[in-house]
Amino acid sequence: MSRLCIVPRWSGGPDSDFYPWLRAQPAVRARFSAVIGPSIERPDEPTIEAWLTSLGAALDLGALTDTYLLGHSVGCQAVLRFLEQAPAGARAAGVLCVAGWWSVDQPWDSIRPWIETPMDHARVRQASEQFSVLMSDNDPFTADWEHNARLWRERLGAEVHTIPGRKHFNEAEEPAVVDALLALAGPA
């Protein structure tokens, strides 16, 4: 069986939003042998370097074959930048980005590096078997969700699902996340 690594949103931790509920879902428990969440350094002021160090402490870049990565918001950016560092031939089983973005409507200073630091999309694409993205048609950070969806498809060949009215997926229960995760991972 595979393992799942959940990388949280800005200021998030293992008990934020839908993460505890997701871990407790019987279908998730049956599909994944382990569900981990790295101990993220400085979640309130995420820097690329700190978050990649945190991911590196939790995951071996060379041993991702049976690992699914779920990023939420800035956690998506962290997952992609982590995969960008993967050695040639190393591939995650799959990536699910929830409320993922390439830019935000009103960027603040500490988010700018996540938006402005170049990323080798081809290298990222090679480091995972598949990419799936869940977004909402009313996310308060990315009003132009159609443009955002197009970028995910163009840059990573991602399968994009738009869920009406879910904002930034910050509720305690997010059934669409479980559905997307299980669709990505397939049967146990």
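A residue counts as buried when its relative accessible area is under 20%. Keep that cut-off in mind as you look around this predicted model. Tryptophan 10, for instance, has a relative accessibility of 17%, so it counts as buried.

**Aromatic pairs**

- The model has 6 aromatic pairs.
- Is tryptophan 108 buried or partly exposed? With a relative accessible area of 31%, tryptophan 108 is partly exposed.
- Another pair brings tryptophan 51 and tryptophan 114 together edge-to-face, at 6.1 Å centre to centre and with 75 degrees between the planes.
- Tryptophan 51 belongs to helix 3 (residues 48-58) and tryptophan 114 to helix 5, so here the pair ties together parts that are 63 residues apart in sequence.
- Tryptophan 51 and tryptophan 114 are both buried.
- There's a cluster to spot as well: ring pairs link Trp10, Trp108 and Phe141.

**Charges over rings**

- Arginine 31 places its charged end over the ring of phenylalanine 32, 5.4 Å from the ring's centre.
- Over the face of tryptophan 102 you'll find arginine 155, at 4.8 Å from the ring centre.

**Helix 7**

- Helix 7 covers residues 145-156, which is 12 residues.
- From first C-alpha to last, helix 7 reaches 16 Å, close to the 16 Å expected at 1.5 Å a residue.
- Which residues of helix 7 are buried? They are Asn148, Ala149, Leu151, Trp152 and Leu156.
- Look down the axis of helix 7 and its buried residues fall within an arc of 160 degrees, so they line one face of the helix.
- An α-helix has 3.6 residues a turn, so residues three or four places apart point the same way.
- What do the buried residues of helix 7 pack against? Their partners are helix 4 (74-84), strand 4, helix 6 (121-126), strand 5 (131-136) and strand 6 (159-163).
- Just past the end of helix 7 comes glycine 157, with a positive phi of about 65 degrees.

Methods:
Residues are numbered from 1 along each chain as its sequence is written. This is a predicted model: local features need pLDDT of at least 70, side-chain atom pairs count only at pLDDT 80 or more; totals for chains, interfaces and linings use all residues. Side-chain values use heavy atoms; hydrogens and water are left out. Rings of Phe, Tyr and Trp (its six-membered ring) pair if their centres lie within 6.5 Å; planes under 30 degrees apart count as stacked, over 60 as edge-to-face and the rest as tilted. Buried means under 20% relative accessible area, exposed over 50%, partly exposed in between (1.4 Å probe, protein chains only). Helices (H or I, at least four residues) and strands (E, at least two) are DSSP runs, numbered from the N terminus. A charge sits over a ring if NZ of Lys or CZ of Arg is within 6 Å of the ring centre and within 35 degrees of the ring normal. The expected span of a helix is 1.5 Å times one less than its number of residues. The arc is that of the directions from the helix axis to the C-beta atoms. Contact means heavy atoms within 4.5 Å.
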